[in-house]
Amino acid sequence: MLTTFNEVDMSEISLLRKELQDMFVETNKIKLGFMSAFVKAAQYSLMKYPIVNASLDGNDILFRDYYDISVAVSAPQGLLVPVIRNVE
């Protein structure tokens, strides 16, 4: 689980974002942010270290074969936390 972007070297993502920004906006009518790179990194980490995606049930460890990630977003109604299902 990541608590802050400050713990990660985002310089390569920043360069890629700067390089692709104009084309992305033209194609999708929205700016390219950092969240897609963050979600991809989280998905990769969950697949590489399955214990992070597991949960405890009594004395048992339940491993999941799917990867769902929740992302908090600001909306006019307040903070929403939609779940992105099956990010693998």
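Among contacts in the protein between residues at least 6 apart in sequence, what percentage join residues at least 24 apart? And what does asparagine 53 touch?

Modeller: Keep in mind that this is a predicted model. The share you ask for is 19%: that part of the contacts between residues at least 6 apart joins residues at least 24 apart.

Start with the whole. The protein has 2 helices and 6 strands. Along the sequence they run α-α-β-β-β-β-β-β. The C-alpha atoms fill a box of roughly 50 × 35 × 25 Å along the principal axes. The radius of gyration is 16 Å, whereas a compact globule of 88 residues would have one near 12 Å. Buried residues make up 15% of the 88. The accessible surface comes to about 7,300 Å², and carbon and sulfur atoms hold 59% of that surface.

Now the close look. Asparagine 53 sits in a loop. Asparagine 53 counts as buried because its relative accessibility is 9%, under the 20% limit. Leave out residues up to four places away in sequence, and asparagine 53 touches Leu46, Arg64, Tyr66 and Tyr67.

One last point concerns charge. The protein has 8 positive and 11 negative charges, and their mean positions are 7 Å apart.

Conventions:
Residues are numbered from 1 along each chain as its sequence is written. This is a predicted model: local features need pLDDT of at least 70, side-chain atom pairs count only at pLDDT 80 or more; totals for chains, interfaces and linings use all residues. Side-chain values use heavy atoms; hydrogens and water are left out. Helices (H or I, at least four residues) and strands (E, at least two) are DSSP runs, numbered from the N terminus. Buried means under 20% relative accessible area, exposed over 50%, partly exposed in between (1.4 Å probe, protein chains only). Contact means heavy atoms within 4.5 Å. The radius of gyration is taken over C-alpha atoms; the globule rule is 2.2 Å times the number of residues to the power 0.38. Accessible areas come from the Shrake-Rupley method with a 1.4 Å probe; for residues, only the protein chains shown count as cover. Lys and Arg count as positive and Asp and Glu as negative; His and the chain ends are not counted. The place of a charge is taken as NZ of Lys, CZ of Arg, CG of Asp or CD of Glu.
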